[in-house]
Every structure is written in C-alpha cells, then in structure tokens.
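Please open the model in your viewer and keep the sequence beside it, with a selection tool at hand. The stops below are meant to be taken in order.

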Amino acid sequence: QVHLVESGGGLVQTGGSLKLSCAASGRTFSTYVMGWFRQAPEKEREFVAAISRSGGSTDYADSVKGRFSISRDDAKNTVYLQMNSLKPEDTAVYYCAADGDFATTYTMAFMGRYDYWGQGTQVTVSS
C-alpha cells in the first residue's frame, strides 16, 4: 500500500512554469513505476508522463514532449513534474499514480496499470 500526495499546482500565465511534487509513503518508493496524468473539465483523464523504477526510462505524451520533465528522488520518496512553456490547454487537475507490479507488461502510459492515485492538484494556465 502507498499513499500519494500531490502539491505545487496553482495559477500561472501562458508561457510560465510550475513544478509539481508527489510525495509517497508506505512501501519502498523505489519499487514503483510512477506516472502523472491529468483531467480537464468534461474530458477523460489522460497520460502525461511516467518514469521507471530506476529512473532510467521516461515516457511523455506527445502534447508535452519538450516542455515537461519527470524525475524522481528516491531518497525523498518524491516524484516531480517540471512544466515549462505552459499553455491554456494544460489546464487540468494533475494526478500522480504508482504501479508496484513487477510482472506487468503494459507500457508506462497505460492508465490501467496504476493501482494507487493521489487526490490531484489543480493547474490553471491563463491566456
């Protein structure tokens, strides 16, 4: 079992930056694949970014490639999402998620592989 708490959301102007954090407690953090997802009003939740257990592999949605960067600090049990060059279409509630299943064959972008979710943090980008 792992408990996830996101922070760092807020209101920012177009072109600005925010850094989201997701602090995890519970089982050993390094055993989890970590992902970030987002959900805009009246839209489905979608994949944003993910990072492997070792941190050596990352994946990004096409819409955020080159602007967002995911990283993890296992010593702090925290995963980060650095968001630069923000656009109004990035406005959403951002959720972090954790997958502790070593046997899964799904890609890191697949939402269904994640067993644990945070409560979300709102990001609003004004035009």
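Begin by selecting Ala 23 together with Thr 78, because Thr 78 in strand 8 is the bridge partner of Ala 23, where strands (E, at least two residues) and helices (H or I, at least four) are DSSP runs numbered from the N terminus. The model is a predicted one, in which local features need pLDDT of at least 70 and side-chain atom pairs count only at pLDDT 80 or more, while totals for chains, interfaces and linings use all residues. Residues are numbered from 1 along each chain as its sequence is written, and side-chain values use heavy atoms, with hydrogens and water left out.

Now colour strand 8 (residues 78–83) by accessibility: five of its six residues are buried, so the strand is largely enclosed by the rest of the structure. Buried means under 20% relative accessible area, exposed over 50% and partly exposed in between, with a 1.4 Å probe and protein chains only.

Finally, select Cys 22 and Cys 96, which are joined by a disulfide with S to S 1.9 Å. This pair links distant parts of the chain, Cys 22 in strand 3 and Cys 96 in strand 9 (residues 92–99), 74 residues apart. Both Cys 22 and Cys 96 are buried, and a search of the whole structure finds one disulfide, defined as a pair of cysteine sulfur atoms within 2.5 Å.

Terms used:
Two strands pair if DSSP finds at least two bridges between them.
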